[in-house]
Amino acid sequence: MEQIIEGIRKNTLFWFLASLSLGLAPFSPEPHIVGKLRWVAGGAQGMTGMAWFDLFLHGTPFLLLAISLILRLKKPATKS
């Protein structure tokens, strides 16, 4: 588990680039994730399983970027 956490923490630049490319694609007429988040904020009426899965796929890079940044800001635990 520690290896996974360390991998997420060390790859902040990768998560940033993934968020810009995969997370925001397609870019026009608006980023896809923005449309999905508006849909959810509006009550998510009519969202199918595929739409939820799509939200998960486009949102994962942003989630991993946020986790990576939090882990970088958090002071490492000292071993006693």
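This passage describes the fold, surface and selected local features of a predicted protein model. Local features require pLDDT of at least 70 and side-chain atom pairs pLDDT 80 or more, whereas totals for chains, interfaces and linings use all residues. Residues are numbered from 1 along each chain as its sequence is written, and side-chain values use heavy atoms, with hydrogens and water left out.

The protein contains 4 helices and 0 strands, arranged along the sequence as α-α-α-α. The radius of gyration is 16 Å, well over the 12 Å that the globule rule gives for 80 residues, so the protein is more spread out than a compact globule. Helices (H or I, at least four residues) and strands (E, at least two) are DSSP runs numbered from the N terminus; the radius is taken over C-alpha atoms, and the globule rule is 2.2 Å times the number of residues to the power 0.38. The C-alpha trace spans about 55 × 25 × 20 Å along its principal axes.

Of the 80 residues, 24% count as buried (under 20% relative accessible area, with a 1.4 Å probe and protein chains only). Among contacts (heavy atoms within 4.5 Å) between residues at least 6 apart in sequence, 58% join residues at least 24 apart.

The count of aromatic pairs is 2, where rings of Phe, Tyr and Trp (its six-membered ring) pair if their centres lie within 6.5 Å. The ring centres of Phe14 and Trp15 are 5.0 Å apart and the planes stand at 70 degrees, so this pair is edge-to-face (planes over 60 degrees apart). Trp15 is buried, at a relative accessible area of 15%.

Lys36 belongs to helix α3 (residues 32–41) and counts as buried, with 10% relative accessibility. Leaving aside residues up to four places away in sequence, Lys36 touches Ala51, Asp54 and Leu55.

Backbone geometry was examined in two loops. Most residues other than glycine have a negative phi, and most peptide bonds are trans. In the loop between α2 (12–23) and α3, which holds Pro26, the peptide bond from Ala25 to Pro26 is cis, with omega near -15 degrees. Pro29 is also placed in the loop between α2 and α3, and the bond from Ser28 to Pro29 is cis, with omega near 5 degrees. Ala44, in the loop between α3 and α4 (49–73), has a positive phi near 60 degrees. Ala44 is buried, with a relative accessible area of 19%.

Definitions and conventions:
Buried means under 20% relative accessible area, exposed over 50%, partly exposed in between (1.4 Å probe, protein chains only). Rings of Phe, Tyr and Trp (its six-membered ring) pair if their centres lie within 6.5 Å; planes under 30 degrees apart count as stacked, over 60 as edge-to-face and the rest as tilted.
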